[in-house]
Amino acid sequence: VPTDFFDLWLNWLAFFERLAIPDLPVYLFAEDNATHARCVELSNQPREPKSSESEPEPEHHQYQANITCLPWDFVFEQSEAVDSLGAYSYRNKDYNAMMTHRPAIVKALLEMDRHLIFSDSDVVWLKDPLPYIRTSFKATNPKVHILGQQAYKYGNHICPGFTVYRACPEVVELVELWQEDLLSKEGPSTNQGPFNKILDQVSSQGISVTLQDGTTELRKVTPELLRKELFPNGDLYFRQMTDEERKEALVVHNNFITGYEQKIDRFKKFNLWALEA
């Protein structure tokens, strides 16, 4: 979360806390120092200075939910952190930089050996999605590795803005390929195209995984789309669904619209903005 999107994240948090989901830790990655400072301010727990020789560790803050604010150096070198990123617009320089960070964040959290739900800050959780997700992950034929929101009205492309990852070596390897692809590109780019290109490749051809005994094994990654009526994107929920259909939604993504104020205005129009004026 960058500074400019912090209020969107607070809105996400307000809806999330209403659900009172037990034993679900939340990790907020601070894209800049200003975001991390606001986390500290909210928690009323001043950040303790850290020895330069020590390994970076996530810092814990006491909200109602179990929130861990991850500083920049949890994933990247501290010297690369910035005080506050500039204004965001779709595909501008700072937006592109944030997109290249996404796979590194996902990889760092997967390596903690826990399944991961990655949620953009312009998402609202209306109902607990965990029963649906757990049922999908229990399937064994085939074993599902990645659950994702349908990116478009048709097709099987996944939107990385709301995606569930199984913590396993083949998924970590896939995320590494995704990161390498993003870092190799120059100029305006989004993370969604490269993600789906690599996912299509790995789901059909497999990916080489190094096992604990040093041998390698070719494994496939199986993706599955989340049911779009339960996990609608912004085009479906805000433009196409009826009021009755919207009542069934578990998670709503406020995409298919650009601009910070425009996103907030649309949330307000549909009574999905929980923050006070």
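## Around L174

L174 touches I146, F195, I198, L199, V202, I207 and V221, leaving aside residues up to four places away in sequence. This is a predicted model. L174 sits in helix 5, which spans residues 169-183. Its relative accessible area is 0%. Buried means under 20%, so L174 is buried.

## The chain as a whole

The chain has 277 residues, and 50% of them are buried. Its secondary structure comes to 9 helices and 11 strands.

Helix 4 covers residues 130-138. Its buried residues are L130, Y132, I133, S136 and F137. They span an arc of only 160° around the axis, so they fall on the same side of helix 4. T135 and K138 are on the other side, and both are exposed.

What covers the buried residues of helix 4? Strands are included in the cover. Strand 4 (116-119) and strand 6 (146-150) contribute. So do strand 7 (158-165) and strand 10 (223-225).

The structure holds 12 salt bridges. K107 takes part in one with E111, at 2.7 Å from N to O. K107 also forms a salt bridge with E176, where the closest N and O atoms are 3.5 Å apart. K107 lies in helix 3 (residues 93-110) and E176 in helix 5, so this pair ties together parts that are 69 residues apart in sequence.

K107 has a relative accessible area of 17%, so it counts as buried. E176 has 25%, so it is partly exposed.

## A pair within helix 7

D235 and R239 also meet through their side chains, in a salt bridge of 3.1 Å from N to O. Both residues lie in helix 7, residues 234-240. They are 4 residues apart, about one turn of the helix. D235 has a relative accessible area of 17%, so D235 is buried.

## Cysteines

How many disulfides does the structure have? The count comes to 0. The criterion is a pair of cysteine sulfur atoms within 2.5 Å. A disulfide is a covalent bond between the sulfur atoms of two cysteines.

Burial can be stated for C159 and C168. C159 has a relative accessibility of 7%, so C159 counts as buried. C168 stands at 11%, so C168 is buried too.

Terms used:
Residues are numbered from 1 along each chain as its sequence is written. This is a predicted model: local features need pLDDT of at least 70, side-chain atom pairs count only at pLDDT 80 or more; totals for chains, interfaces and linings use all residues. Side-chain values use heavy atoms; hydrogens and water are left out. Buried means under 20% relative accessible area, exposed over 50%, partly exposed in between (1.4 Å probe, protein chains only). Helices (H or I, at least four residues) and strands (E, at least two) are DSSP runs, numbered from the N terminus. Contact means heavy atoms within 4.5 Å. A salt bridge is a side-chain nitrogen of Lys or Arg within 4 Å of a carboxyl oxygen of Asp or Glu. The arc is that of the directions from the helix axis to the C-beta atoms.
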